[in-house]
Each structure stands twice: as structure tokens, then as C-alpha cells.
Amino acid sequence: METGSRATRRTIAVLGATGMVGSRVIDETRARGHRVLALSRKPASDDPNVTPVAVDANDPHALREALAGPAAHGAVPDAVVVTVRTFPADQEFLVGTTRTVLDIAAPRGIRVLVVGGAGALRSPGDGDLLVADNAAYVPAEYRAVAVAGVAQLRACRAHGGADWVYLSPPALLEPGERTGRYRRGTDTLLTTADGRSWISAEDLAVAVVDELDDPGPERHITVVHQDAEPDGSGREGSPTDAVSLSP
């Protein structure tokens, strides 16, 4: 996938701004020239294009104020990126927070991109088997987290009126290098040529902002790292606390 043109400048809210994914989405969003609302319990930024907004994701009123009230400093976002995750699994929190964001976004025409889990994807070669139920990809200690991600996607599908897209990372998501190269798919887990299912958090952030700048028609998408071609071309996106699974 190769993009690179500057999109219209937007205001993008990132919920979970200090996490592994959220912080990198903010970096990528700033690099594209967008304004950012950084939402977390203890946000901080000296960047004039980043507005820190302290919010408890467990508090629906606080979320509403942050996204559509005085806390947003008059900047109702064009899109919200939900990057909150829990380990150990807290399905009630994850589903409840996602529903709250969708409720706030729907009447305001705000697009919602949920960075969810790989567990909601279909297994390669067996479309009837979810990754959450596939021991080849989900160790037992992560299964509850994977199942929570499936519930999160179902909450999105059950919501009426919201403009949302659910991005499932591959099986392995970890900090690394921003190459700008990734392959995009829909609801089935993708693997690289050597059989691995992985991407760096930096390249996942590239895919997130690409999807906001140039949305596709699908509701459920996924990505995987794309190696460069021998001639240095390859498919490109726009210009160490590892997670062993991204369920």
C-alpha cells in the first residue's frame, strides 16, 4: 500500500494516548499535520498541535465532555481512535467504553476507528475458526483478552448509526521501526511470506492514520508487516514493552 499525499487537516482524538499504540498514533497523526486531542488519565504534551485532555475512560460523562464538551477546547474531533486495552482482561470495561464512544460519535458524525484485537479475525485456512479459539495463535493466558476483543467487535456491529471501523492487529504487535510498509486485509488473519503474523506498533499507527485519511469501505480490517521487494520497492504506507499477542 502506497500513499503519501497530505490529507485535509483534521482534528483527531486518541483515547489511550499514553499507551504503546496510542502514543504512536499521536506521533503519526502529528507528522501528517493533523491536530490531536490526547485523551488519557495523565496526558502531557508540549506540542502546540496536541491538546492533552485528562479523562477517565470508565466515566461516560467525562468522555462526553472530552469529545464534545468544554474539555475539548472547542475542537469537536473529526475522528476518534480508541486504543484502550486491558490485561488481565476486563471485557465489561472494554465493551462499555467502546459503546460510550460510539454513542457520543453517532449524532455528531464523528468517525470512530477502534484498534481492537486479533482474536476477532478468522483463522487462515479455516474461516469458521476465530483466532480467539485457535490455540496455535492464542496461548491460554491470553484467551480471555482475545474473547474480550471479539465482544468489542460485536458491540460495534450492534450499534446503530455510528460510523466505525474495527482494525485488528496481527498476532504479534510490538514496538519497532516505522518502515511505512504493510499489507491490508479484511477479516482473516494475515501472515508474512515466512508465515509470521506481526507488525511494529509504529507501522500499525501508519495504517491507522492511512485509514482515517483515505477510508476504505470495509468495517473490519487487518494489517501485517510487508517486507521490501529486492529492488527496494515493496508496498508502502504514508510517510521494549512487546505484546506477545494482540488479541
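Okay, let's start at one end of the sheet: β10 and β12 run antiparallel and are joined by four bridges. Within that pairing, R184 sits opposite V223 of β12. When I say strands, I mean DSSP runs of E with at least two residues, and helices are DSSP runs of H or I with at least four, both numbered from the N terminus. Two strands count as paired if DSSP finds at least two bridges between them.

Before going on, a word on what we're looking at. This is a predicted model, so local features need pLDDT of at least 70 and side-chain atom pairs count only at pLDDT 80 or more, while totals for chains, interfaces and linings use all residues. Residues are numbered from 1 along each chain as its sequence is written, and side-chain values use heavy atoms, with hydrogens and water left out.

Now the whole sheet. Eight strands make up an open sheet with mixed pairing, in the order β3-β2-β1-β4-β5-β8-β12-β10. β3 (50–54) and β10 (182–185) are at the edges with a single partner strand each, so one side of each has no neighbour in the sheet. On average, neighbouring strands are turned by 20 degrees against each other, direction ignored. Those angles are between lines fitted to C-alpha atoms, for helices over the stretch in contact, and run from 0 to 180 degrees between N-to-C directions.

Back to β12, residues 220–225. Is this strand mostly covered or mostly open? Covered: six of its six residues are buried, where buried means under 20% relative accessible area, exposed means over 50%, and partly exposed is in between, using a 1.4 Å probe and protein chains only. H220, T222 and V224 point one way, and I221, V223 and H225 point the other.

On to the helices. α2 (60–68) lies across β1, β2 (35–40), β3 and β4, at about 170 degrees to β2. Its buried residues include A62, L63, A66 and L67. Seen down the helix axis, the buried residues of α2 fall within an arc of 120 degrees, so they line one face; that arc is taken from the directions from the axis to the C-beta atoms. They pack against β1, β2, β3, β4 and α3 (91–105), with contact meaning heavy atoms within 4.5 Å. At the start of α2, a side-chain oxygen of D59 comes to within 3.0 Å of the backbone nitrogen of H61.

α1 (20–31) has twelve residues and spans 17 Å from first C-alpha to last, close to the expected 16 Å, which is 1.5 Å times one less than the number of residues. Buried residues in α1 include M20, V21 and G22. Just after α1, G33 has a positive phi of about 90 degrees.

Where is K42? In the loop between β2 and β3, and at 75% relative accessibility K42 counts as exposed. E211, in helix α5 (201–213), is buried at 4% relative accessible area. Leaving out residues up to four places away in sequence, E211 touches R111, L113, V165, R184, G216 and I221.

Notes. A polar contact is a pair of N or O atoms within 3.5 Å; within protein, one must be able to donate a hydrogen and the other to accept it, and residues adjacent in sequence count only if both atoms are side-chain atoms.
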